[in-house]
Amino acid sequence: MSDLETPIAVEIEAVSKVFVDGASLGIVDRFRRQHPRKSVLAVDAVSLSVQRGHIYGVLGANGSGKSTLIRLVSTLLVPDQGRVLVFGHDVVKEEMTVKRLINRVSVEAAFFRVLSPMENLLYAARLYGIDGGVARKRIVEILGQLGIESEKVGEPLQKMSRGMQQKVAIARALLTSPVLLLLDEPTTGLDPRSKREVQQLVLDLRAHHDTTVVLTTHDMDEADRLCDRIAVLHHGRMVADDTPAGLKRVHGATPAATLEDIFMALTGHSIEEEEEAAPVG
Amino acid sequence: MATVIQEVRASYAFVERNINLTRRYWGWEIVFLLYSIVNSLAVTFIGAAMQQITGQKVDTSFLVLYLLIGTLVWSYLSVVFDAISEMITWERWEGTIEYTFMAPVSRGTHMIGTVLFAIVYGIVRTGVILVVVSAFFHVDLSKADLFSSTVLLLVGSISFVGLGIVAAVLPLMFTERGSQMTRVVEAVLLLVSGVYYPVQVLPGWLQVIARISPATYVLEGMRLSLMNGANVPALAGYLIPLLVMGLASIPIGVVVFGWAERAAKRSGTLKRSG
């Protein structure tokens, strides 16, 4: 059985991550600080596994550790404790192998905004070793499938709406044909129509491209609609991990309980209250 | 072989991306180019005016060429240094650093692409400045050995690339002040390297620093080559230190960069700007 035939796409084993306030400061700044440096436990001994071909949701308020978890899987952070495996490859020890298997779409579309979708995606394609000629055709094709007209392909991204930019971000991820796609709040800030289109795209991905998706969101309906399984993070700790139906059955007070009810039952607050209480930045 | 092709493609990704960014930011490019031309002209006019300023007989054409070499070589070296040392700052500012660092590309490939663009961009830009400034002054290159000066500039580029990579580590390690630190490094190089004057006029302690600056060797060698016609063997005393500095600073820079990248991934400062 090859690595990619393993039934487990992502295995997170007792992973913890602490951020120290002021870690980026210089020696003089640190010396001059009046107060001791604060540390934040962003991810606290989280363990989970994602089945190949599943859409796995990570639900939580801002500051709950969702994005940190995604960054740990996408090799952008090194865990302090525990380990993360992607199709059996350790993200720290086999970083380059993992990088070839994944792609990530983050809440903020990370683009060179003065460049056009074509220029940004061509850059991405070359980074992933795709021939320029092949990439150009694929880019027009994928963007067309996402409803971006060919005349927009050469315009600077900064002239596009956020919904359009997010679609280009998803196109960029699709271009590299990742077997694991990490979607970090891909619909946050989108209008209802764009949100719906992106959600449909995620479902199509699973159906037609055999892509495993890890999706973070604080949108309960989105999680309910898309995910095969959902983990709930609260202050860095995983407080539940089940199918949407399983969560409602186990934690719901009534048969008609929604995921919002479940979230309140598990964390003691609604997601809006959690976000208001979450530290800024 | 497939891996090599992939790395070449990836390396070209950075060249093409930077060409596209230069094209899209054309307004700023014109402003910076104009500023550099005016700066070169202003400095060179000091040489042209020296006889009038002092009221004494001065070899004006010598002085003009002396200052012109300084301003053009510095223009080239500083562009190469900036393009490499700011590769992190620039990506942080654009918000793309995480995407680039998540791609399956070795940091060596990333740097090769950045360096290739920096050198070609530096040559083109300095060429434009040379053409414009030459229209204002009579530049006497009758004694120049253009082959040896080209060799010296290429070897000097290697050592400046190494210095740029080492400087690029600063924004990676210090998200708040790193890019300012690279500016300080550049300013010190400008002061001590004899861009507009011989390093012998500097205080003793600054002359010590001048001897570890690759720009000092490039500038002194270029003047010997372009003003006195020194050939490659005659420039050995400049080429050898430059080669040694380049061959030492590039691997050191790459290793330190790798270490800083891992540290940034541990501390979570890869993306944060504060």
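The contact between the chains takes 28 residues from chain A and 33 residues from chain B; two residues are in contact if their C-beta atoms, placed from the backbone, lie within 7 Å. This is a predicted model, in which local features need pLDDT of at least 70, side-chain atom pairs count only at pLDDT 80 or more, and totals for chains, interfaces and linings use all residues. Residues are numbered from 1 along each chain as its sequence is written, while chains are lettered from A and ligands numbered from 1 in the order in which they are written.

**The side of chain A that touches chain B**
- Strand 1 (8-20), helix 3 (95-101) and helix 4 (117-127) of chain A each give two or more residues to this side; helices (H or I, at least four residues) and strands (E, at least two) are DSSP runs, numbered from the N terminus.
- Helix 4 of chain A gives the most, with four residues.
- By class, this side has 17 nonpolar, five polar and six charged residues. Ala, Val, Leu, Ile, Met, Phe, Trp, Tyr, Cys and Pro count as nonpolar, Asp, Glu, Lys and Arg as charged, and the others, Gly among them, as polar.

**Chain A**
- Chain A has eleven helices and ten strands.
- Of the contacts in chain A with a separation of 6 or more, 69% join residues 24 or more positions apart.

- Leaving aside neighbours within four places in sequence, A:Val73 is in contact with A:Val10, A:Val84, A:Val86, A:Val91, A:Leu182 and A:Val214.
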